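Have it open while you read, as the points go from the symmetry to the interface and then to the domains.

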Number of protein chains: 2
Amino acid sequence: MATATLTISLDDIRANWRALAALSAGETAAVVKAGAYGLGAGKVARALAREGARQFFVAIAEEGAALRQELGPGPAIHVFSGHMPGDADMIRDTELTPMINSIDQLIRHVEALPGAPFGIQLDTGMNRLGMEPAEWAAVAEVALEQGPALIMSHLACADEPDHPMNAAQLRAFREMTDGLGVPRSLANTGGVLLGPDYHFELTRPGIGVYGGLPFVDARPVVALELPVIQCRTLAEGETVGYGNTFTAPRETRIATVAAGYADGILRAMGPRTRLFAEDTACPVAGRISMDLIGVDVTDLGHDPAELELLGRHQSVDTLADNAGTIGYEILTSLGPRYRRRYRGQ
Amino acid sequence: MATATLTISLDDIRANWRALAALSAGETAAVVKAGAYGLGAGKVARALAREGARQFFVAIAEEGAALRQELGPGPAIHVFSGHMPGDADMIRDTELTPMINSIDQLIRHVEALPGAPFGIQLDTGMNRLGMEPAEWAAVAEVALEQGPALIMSHLACADEPDHPMNAAQLRAFREMTDGLGVPRSLANTGGVLLGPDYHFELTRPGIGVYGGLPFVDARPVVALELPVIQCRTLAEGETVGYGNTFTAPRETRIATVAAGYADGILRAMGPRTRLFAEDTACPVAGRISMDLIGVDVTDLGHDPAELELLGRHQSVDTLADNAGTIGYEILTSLGPRYRRRYRGQ
């Protein structure tokens, strides 16, 4: 079998959520958009529901509808993109809670689904989603009469605790929401770590649940083993892969593993990335191609049956550094061809 | 609806394949591994079968088995990774043709499935897959007695027509295969363009079928429209997105679109990428986030309902340049959340 195996530990996902919940002043939700950051929204959300999570966040209504099938009735499913044109039936039928981002969305929601749950998303400076302060001032009274379930905003720089943007957004959020008597949410994972001033009634960690920075105490939750198709010995001076970018500096043993950038192993990570055979690091040799990667296993002394890309020796954040990106993108890029094996439930 | 729409033109895929087939000296196969480079292996392969393709290539046996369900009996499905441990039942039941890469694979195949079809993959210098010249010399006689359907190798530098590696690989391939009387295949898309010396009995284009370089005459086959969730006006000096990386140089209108790196819009392309509203180019403002992108629509003069990332104005290869990668990776990264619409059949 030339299928790589992605192992996802639901036990560790639950432990990370529990740890973030223990740090949170109020209730703790879970962000499971983008298929729970690539790890499987249904399995992850059901595991977190067993752990006690009662509120979930997704990006778009279609994700929410699919998640409702997995979770059944009961847990709240919040939609960050709010109530878009054409979404009314889906929101009603699958009992979603859109986070209303604008006056247009508010009118659309109240007209199509009077009395149906909703939340309010406010912009406190990130300028991405949510109502501006002036917009909110104009409609707050009407909106509050409709009984929003939640008022939220999102932090732009929470991964940098000393960034002045954090305090500025907190101040803006309080100015727009103090005294309204509606549950509030501001903190993503970084916000949880900024401390209780940022927590309000509901925190909503995402990346920390999945083992990524900035939650330095997170347990890693994924392991990725790539099967070796074959090994060969190169004479000094022979080359490997597209564009001949690797030249053997000595007699070299090359293993070809069955995975590549079509599986989300970003091409950009090639030059700095190593794969592991137990404790031995084996560097990528040549370019990462679509379905195959050459690996220099000379120092290993034997031919491995598989090599580990993610796991005990190498984290999502290390691969992200190697590719010049962030751990989030490593996770959401994990591809559809892997055999997915879940540990725990 | 906050779901982006990916439109895939099967008509243009067929036209590209037809154009490459017209350039090929012999028969023309199609490479449909990695879900036809992200565009849907079943739909693409069925369209190409209607166009006359009778031979298809995939990376691993699992892809081949799934493709057999789509194609039905008849067309040959070749597996580049060959016959891996545990694959025998799948190869037999779904009538796959493994490209045997090593003596180990040859023994495994002949012992498990005597008389079942197979091909031979030879290494001519790329050092990725296939038997080395010495290995081939040792087993050629035995292998040929089993009646291989095809002998193939793969070019490492075909995208660079003047690279001396091309002639060296051609020479090595001929030395290993001349006079054997078995159909041969060496040319990927780049190899087709190198001319008839490289074609032998079967060419096997991939990227050119999907509209990418090095086939400069390819028709583009994908368009990607991202819905706008909301628009807002920023005062000069306000910032957008994570890390505040965009600062408004003037009063600025920002549209937030519903797609991000979880949809395969690589973070790395952000700083150089524009989205289009009809003929107006609107630059990305701030970092590409997981599900959302800010776009500066100030010069557009109105608020768009959607913005085009791929299409008439911007190709897969332009996005690849923007991200520091190749068109292949842009295609295979196209994400699972898109609504996929096929043109033609």
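1. Start at the rotation axis: the residue of chain B that comes closest to it is B:Ser333, with its C-alpha at 3.7 Å. Keep in mind that this is a predicted model.

2. How does chain B get laid on chain A? A turn of 180° with a shift of 0.0 Å along the axis does it, and the RMSD is 0.0 Å. That is what a two-fold axis gives you.

3. Now the contact between the chains. On chain B, 52 residues are in contact with 52 residues of chain A. As for who supplies that side of chain B, S11(B) gives the most, with 4 residues. Other elements of chain B supplying at least two residues include helix H2 (33–37), helix H4 (61–71) and helix H11 (327–333). By class, the side of chain B that touches chain A splits into 26 nonpolar, 16 polar and 10 charged residues.

4. Do the copies meet through the same surface or through different ones? The same surface, because 100% of the interface residues of chain B are also interface residues in chain A.

5. Last, the inside of one chain. Chain A comes as domain 1 (25–203) and domain 2 (222–343), and their C-alpha centres lie 38 Å apart. The contact here involves 6 residues of domain 1 and 7 residues of domain 2 of chain A. On the domain 1 side, helix H2 (residues 33–38) of chain A brings the largest share, 3 residues. That side of domain 1 of chain A has 3 nonpolar, 2 polar and 1 charged residues.

Technical notes: Residues numbered from 1 in each chain as written. Chains lettered and ligands numbered in written order. Predicted model: local features only at pLDDT ≥ 70, side-chain atom pairs only at ≥ 80, totals over all residues. Domains from an automatic or database assignment. Contact = placed C-beta atoms within 7 Å. Nonpolar A, V, L, I, M, F, W, Y, C, P; charged D, E, K, R; others polar. Least-squares fit on C-alpha atoms with pLDDT ≥ 70 in both.
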